[in-house]
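Subject: A structure to look through

Dear colleague,

I am passing on a structure that I would like you to open beside this message.

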Amino acid sequence: MNYTQLLENFKPKYEFYIGIDSDGCVFDSMEIKHKECFIPNIIKHWNLQAISRPARQAAEFVNLYSQWRGTNRFPALIKVLELLQEHPDVKKRGLPLPDVTALQTFIESGAPLGVPALEAQYKQTQDPVLKQAVEWSRAVDASIEDMVRGVTCFERVPHVLKRLQNQADIVVVSSTPHEAIVREWNEHRIDVYTSIIAGQEMGNKKTQLQATTQNRYPKAQVLMIGDAPGDMKSAYAVGARFYPIVSGKETESWEYFEKEIVDLFLNRKYTAEIENKRVQEFNDSLPDIPPWV
């Protein structure tokens with residue numbers, strides 16, 4: 001599939017655009033994916049068995065309970081290892097952590113942060129760390145396919161999508177692999193409300209937003225809905241508005257959006273002042289200092 005062409009060929013049908021993240025925003029899937037799929041495979045494939053408790057603690061903090069929530073899996077892994085270097089239990093044991101310099105170089109290259117680009121880089125360089133990262137990522141995806149099923153949408157999400165389907169172009173903006181995200185939206189029969197579903201192979205969220213909104217909509221008519229700071233940063237990077245789904249208050253966030261924000265946005269009255277009140281609660285819910293510091 002030519003992912004770049006899929007984005008470039010996108011044509012608006014409506015005056016308004018709503019980008020929506022998936023994991024943790026539409027689906028109550030973050031806990032099971034990270035605690036049962038990502039983290040066990042981090043420990044296994046990056047040889048962290050001897051420090052499994054702090055490794056789990058760091059991975060849960062980065063991916064679920066901090067300002068890094070929702071980060072693409074590869075930068076998130078780098079952050080987990082970075083925090084582990086200063087974790088008191090790891091320092092006491094004096095165990096070496098994996099050297100992931102090659103993975104960091106790949107991340108900084110600007111390539112789409114997915115397995116296809118990573119595997120292409122490995123074939124070019126034959127760097128064993130990149131091979132390890134490919135194997136880890138594939139193992140995560142296999143675990144998700146095996147483990148994650150029957151995960152529900154947050155309440156009111158289908159109602160909101162149905163309400164908006166004839167008023168706004170709805171685009172899934174996600175760092176989840178494309179195949180997995182299509183499967184999940186299809187399983188719950190909410191893919192019918194979307195104009196396009198974008199995954200990690202199509203670039204980061206800023207790239208996805210830029211490709212589907214630039215020169216297509218007035219800035220005030222573009223909204224990103226997400227549960228992670230990265231979603232907010234991506235929205236602001238393209239001049240869009242942002243509406244946060246607060247971790248632990250997802251149902252309340254969607255109810256408020258349905259009752260208070262939809263009409264404001266469609267009437268071009270979702271102002272920065274209203275947005276900032278929601279963002280303040282969102283930021284307060286996600287710290288940047290780990291609990292062991």
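In which helix is the place of alanine 142? Alanine 142 has its place in helix H8, and please keep in mind here and throughout that this is a predicted model. With a relative accessible area of 44%, alanine 142 is partly exposed. The C-alpha atoms of alanine 142 and glutamate 119 are separated by 17 Å, and these two residues are 23 residues apart along the chain.

Helix H8, which covers residues 128-147, packs against helix H6, residues 101-108, at an angle of about 75 degrees, and the axes of the two helices are 7 Å apart. Angles from 65 to 115 degrees count as roughly perpendicular, and H6 and H8 are therefore roughly perpendicular to each other. On the side of H6 the contact is made by Ala102, Leu103 and Phe106, while H8 contributes Val129, Leu130 and Ala133. The residues of this contact divide into six nonpolar, no polar and no charged.

Next comes the sheet. Five strands form an open sheet in the order S3-S2-S1-S4-S5, and the pairing is parallel. S3 and strand S5 (241-244) stand at the edges with a single partner strand each, so one side of each is left without a neighbour in the sheet. Neighbouring strands of this sheet are turned by 20 degrees against each other on average, direction ignored. As background, strands of a sheet pair through backbone hydrogen bonds, either parallel or antiparallel.

How many of the six residues of strand S2 are buried? Six of the six residues of S2, residues 168-173, are buried, so this strand is largely enclosed by the rest of the structure. In a regular strand the side chains alternate between the two faces of the sheet. In S2, Ala168, Ile170 and Val172 point one way, whereas Asp169, Val171 and Val173 point the other way, and all are buried.

S2 can also be followed through its partners. Strand S1, residues 16-20, is joined to S2 by five bridges, and the two run parallel. Within this pair, phenylalanine 16 stands opposite alanine 168 in S2, and tyrosine 17 stands opposite aspartate 169. With strand S3, residues 196-198, S2 pairs in the parallel sense over three bridges, and isoleucine 196 in S3 is the bridge partner of valine 171. S2, helix H10 (residues 178-187) and S3 together make a right-handed β-α-β unit.

The loop between S2 and H10 is where serine 174 has its place. At 1% relative accessibility, serine 174 counts as buried. Leaving aside residues up to four places away in sequence, serine 174 touches Asp21, Ser22, Ile181, Ala198, Gly199, Gln200, Lys205 and Gln208.

Is lysine 13 buried or exposed? Lysine 13, in the loop between helix H1 (3-8) and S1, is exposed, with a relative accessible area of 64%. Lysine 13 and glutamine 167 are 154 residues apart in sequence, and they lie 8.8 Å apart in space, C-alpha to C-alpha. Tyrosine 14 is found in the loop between H1 and S1 as well, but tyrosine 14 is partly exposed, with a relative accessible area of 23%. When residues up to four places away in sequence are not counted, tyrosine 14 touches Gln165, Asn166, Gln167, Ala168, Asp169 and Tyr217, and from the C-alpha atom of tyrosine 14 to that of valine 160, which is 146 residues away along the chain, the separation is 16 Å.

Finally, please look at two backbone angles. Most residues other than glycine have a negative phi, and most peptide bonds are trans. Asparagine 47, although it is not a glycine, has a positive phi of about 55 degrees. Asparagine 47 lies in the loop between helix H2 (30-45) and helix H3 (52-64), and at 58% relative accessibility it counts as exposed. For asparagine 215, likewise a residue other than glycine, phi is near 60 degrees, a positive value. Asparagine 215 has its place in the loop between helix H11 (205-213) and strand S4 (222-226), and asparagine 215 is exposed, with a relative accessible area of 80%.

With best wishes

Key:
Residues numbered from 1 in each chain as written. Predicted model: local features only at pLDDT ≥ 70, side-chain atom pairs only at ≥ 80, totals over all residues. Heavy atoms only, no water. Axes fitted to C-alpha atoms, helices over the stretch in contact; angles between N-to-C directions. Helix = DSSP H or I, 4+ residues; strand = E, 2+ residues; numbered from the N terminus. Parallel < 35°, antiparallel > 145°, perpendicular 65-115°, else oblique. Contact = heavy atoms within 4.5 Å. Nonpolar A, V, L, I, M, F, W, Y, C, P; charged D, E, K, R; others polar. Buried < 20%, exposed > 50% of the residue type's maximum accessible area, 1.4 Å probe, protein only. Pairing = 2+ DSSP bridges. Right-handed = clockwise from strand over helix to strand, strands pointing away.
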